[in-house]
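The sequence and structure come first.

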Amino acid sequence: MSNPLKKLITLDEFIIRNEKDFPFASGELSGLLRDIGLAAKIVNREVNKAGLVTDIQGIMGSTNSSGEEQKKLDVYANDMFINALRVSGECCGVATEENDDYIAFEPLPGKNVKYIVNLDPLDGSGNIDVNVSIGTIFSIFRRVSLSGPCTREDFLQKGREQVAAGYIIYGSSTMLVYTTGNGVNGFTLDPSIGEFCLSHPNFKFPSNGKIYSVNQGNFLKFPEPIRRYIDYCTAEDKATGRPYSFRYIGSMVADFHRNMIQGGIYMYPPTTKQAKGKLRLLFECNPLAFIAEQAGGKASSGEVPIMDLEPTELHERTPIYIGSTDMVDKVEEMLRKAKVGEALL
Ligand code: AHG
Ligand code: MN
Ligand code: MN
């Protein structure tokens, strides 16, 4: 049992205490992060009763901008986060997986609002109706346009330019994990007091691991070097502790979170059907890449670090290999060798 006298550090308190380390600290980013924390609690309330309340279970009958079926909770979470960001007064616009285009908030009179947010409001939506962990992913940038309504360029920045990123996992407990470029910290929601409390200070990815996460049903559609890497994971080798365990939840946030605690790699490679894989650079890959690097892990497109990719459109996709550094290095090495081999043919 936890010591009731131990001082709890709430998310809001932690954000304020660490404000001095924020880039361009002025209290505005703190306010934005706190509002994201509040929206997370509201979405969590609905996620928790998803099995009970039929009006938030199931499909909307509509599709999002990538042509994917929208669940009611996708739309609910999207609306909640957009509203929270709009009223925060610290965000001048938002782009989300569920909206075709970015949304520019009305400029506030006399205030030059600095930040924009890229958002996957509900990650792993295929798992909503089956009571399996889902998440929310966010990414915060300073706008590059100077004033007035935000512009497309504000959203199409390289992941390297992120000032903060994080995710919420609605799991057996609900957690918010975030970075402002000064390490990664995790907070667990204590439902009895309605606060996110610091539970995982200075999160670190183990440098190596024994878990690989990939939709192995696509095996035959993966490029040859990826099939070889999966064969490598399943091969017996005492020295490296193989075969590795295969774990795939189907919610990137949940697979990533488990791997960050236990050590592992998550992959969404290209397939014969989707040349750039499935995952979105702005809404999923960049924010988790920032967290991975800040926790001592690695995130690669197979060729370059995810955060060095130059986005050209909001809903752009990229292959991704993310997790424990040694494991990501190994995939990159196999991809590189295959390329050299091809060049020699
Ligand atoms: P979203 O629910 O935001 O569309 O994201 C789902 C993503 C990711 O979370 C998950 O790992 C992956 O899609 C699963 O895709 P497959 O079913 O193709 O494996
Ligand atoms: Mn997602
Ligand atoms: Mn989503």
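## Second largest pocket

Strand 5 gives three residues, the largest share, to the lining of the second largest pocket; strands (E, at least two residues) and helices (H or I, at least four) are DSSP runs numbered from the N terminus. This is a predicted model, in which local features need pLDDT of at least 70 and side-chain atom pairs count only at pLDDT 80 or more, while totals for chains, interfaces and linings use all residues. Residues are numbered from 1 along each chain as its sequence is written, chains are lettered from A and ligands numbered from 1 in the order in which they are written, and side-chain values use heavy atoms, with hydrogens and water left out.

The space in this second largest pocket is about 380 Å³. A pocket is an open set of points on a 1 Å grid over the protein atoms alone, where a 1.4 Å probe fits and protein lies on both sides within 12 Å along at least five of seven lines, and its lining residues have an atom within 4 Å of a point; grid points are joined across faces, edges and corners, and the volume is the space filled by probe spheres set on them. Of the 24 lining residues, Gly 124, Ser 125, Gly 126, Gly 250 and Lys 278 are the closest to the centre of the second largest pocket. Its lining comprises six nonpolar, seven polar and eleven charged residues, where Asp, Glu, Lys and Arg count as charged, Ala, Val, Leu, Ile, Met, Phe, Trp, Tyr, Cys and Pro as nonpolar, and the others, Gly among them, as polar.

## Largest pocket

About 460 Å³ of space lies in the largest pocket, and among its 22 lining residues Ser 301, Gly 302, Glu 303, Leu 335 and Lys 339 are the closest to its centre. Helix 8 (residues 325-344) contributes six residues, the most of any element, to the lining of the largest pocket.

## Ligand 1

Ligand 1 is surrounded by 18 residues, the closest being Asp 123, Tyr 248, Met 252, Tyr 266 and Tyr 268, where a residue counts if one of its heavy atoms lies within 4 Å. An oxygen atom of ligand 1 is 2.6 Å from a side-chain N or O atom of Asp 123, and an oxygen atom of the ligand is 3.1 Å from such an atom of Asp 120.

## Backbone details

The peptide bond from Arg 242 to Pro 243 is cis, with omega near 10°, and Pro 243 is placed in the loop between helix 5 (224-234) and strand 12 (245-246).

Terms used. Polar contact = N/O pair within 3.5 Å; in protein donor to acceptor, adjacent residues only side chain to side chain.
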